[in-house]
Amino acid sequence: MQGAQGDLLRLVATGKAESRADLARLSGLAASSVSLRVEELLDAGLLAEEGSGTSRGGRRPRLLRLSETAGVLAVADLGAHHVRLGLLDLSGAPLVIEERPCEIADGPRATLDRIADAFDALLAEHVPAPVPLRGIGTGIPGPVDPLTLRVVTPSRMPGWNDFPVAEHLATRYDLPILVENDANLMAAGETRCWPDRRNLMVVKAGTGIGCGVVVNGRLHRGRGAAGDISHVRVRSDSSVICACGHPDCLEAYASGAALMAALSEAGIPVTRTGDIVGLVNDAIPEATSLVRNAGRRIGEVLTVLVNFFNPDVVAVGGSLSAAEPLITSIRAAVWERCLPLATRDLEVAPARAGRDAALLGAGALLLEAALT
């Protein structure tokens, strides 16, 4: 299918268009081109046409809607110790979402097979047989080469470097397969929550640190490392070696993994980043101080990027974003060091899409792939 068909399908699926006339008006395509592409979508079982809409002076238009048997998308957001799994319809609306334990340190084959088994179980339980699976997508907490869909030198992911994720999943599914960095997926999902903002930086502060960049409403990947702030060098009186082998990376000081290690050294054991948020909410001073310092360091790195890129929004998500001092410290550092023109209309705020941002982003990007 051509890209224009995907655009028309999305207009119907999101409720922006309900007739061929609406599609022609919103897409800018000629009415004859719209009719041709709509007929192809009807033949493919993606759209259905029924009933009659309101007349605007001529014959009452036939109403378009997403077909009930158009298909579903299976998406996953893989973390260090868990995976969130979702089945979405082609409008991007979740049909079912589950979270399951999953250790990324078990290696790529075992992990991806576990995800595929979970997809198959969800499909068997929740999707009627006539409804086709249209695509598979998974977010990876590490750099992904957009050309080869292989993981490239990830931190804390033993055995994953240069692993052909898409090729491995293709042994189970003869379908379009999306493999993307998790922060990029979060950015793609978060974009839907800021419809009047076109340029965003979406920071994921969890076990690791990532950032997705949206330019003029579209995800910017670069060569696969766009927005990767985790290994930017930060100023420090001491020196800490990062998992990448270089000293004083942002991730070595401000990631959830770094904060958990620091708390353990202080005699306050934690097992996941959510525990850090609980300690901050309970006003444990060691945790609050660490989170505040992490926010300041993240903000100092973002200062350079805000001055350079001038985004409309810096949205902060991930499990650590629920700790209020983190965002407050990020905002303070950005406002202190950025040019007034760069911050005049800038919003630094918690991410709006919630825990399922990466799943929603995967659905949006996967639909494009499935229709291309």
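Which residues are linked in a network of salt bridges?

1. Arg84, Glu99, Arg355 and Asp356 are the linked residues. Keep in mind that this is a predicted model. Side chains of opposite charge can pair when their charged atoms come close. In total, the structure holds 24 salt bridges. Three further pairs follow.

2. Take Glu251 and Arg156. Their side chains meet in a salt bridge, at 2.9 Å from N to O. This pair links distant parts of the chain, 95 residues apart. Glu251 lies in helix 7 (residues 250-254). Arg156 sits in the loop between strand 6 and helix 5. Is Glu251 buried or exposed? Glu251 counts as buried, because its relative accessibility is 6% and the cut-off for buried is under 20%. Arg156 has 38% relative accessibility, so Arg156 counts as partly exposed.

3. Now Glu167 and Arg150. They form a salt bridge, and the closest N and O atoms are 3.7 Å apart. Again the pair links distant parts of the chain, here 17 residues apart. Glu167 belongs to helix 5 (residues 165-170). Arg150 is in the loop between strand 6 (133-140) and helix 5. With 23% relative accessibility, Arg150 is partly exposed.

4. Last, Glu300 and Arg296. The closest N and O atoms of this salt bridge are 3.3 Å apart. Both residues sit in helix 10 (residues 285-309). They are four residues apart, so about one helical turn separates them. Glu300 is partly exposed, at 25% relative accessibility. Arg296 is partly exposed too, with a relative accessible area of 33%.

Note on methods:
Residues are numbered from 1 along each chain as its sequence is written. This is a predicted model: local features need pLDDT of at least 70, side-chain atom pairs count only at pLDDT 80 or more; totals for chains, interfaces and linings use all residues. Side-chain values use heavy atoms; hydrogens and water are left out. A salt bridge is a side-chain nitrogen of Lys or Arg within 4 Å of a carboxyl oxygen of Asp or Glu. Helices (H or I, at least four residues) and strands (E, at least two) are DSSP runs, numbered from the N terminus. Buried means under 20% relative accessible area, exposed over 50%, partly exposed in between (1.4 Å probe, protein chains only).
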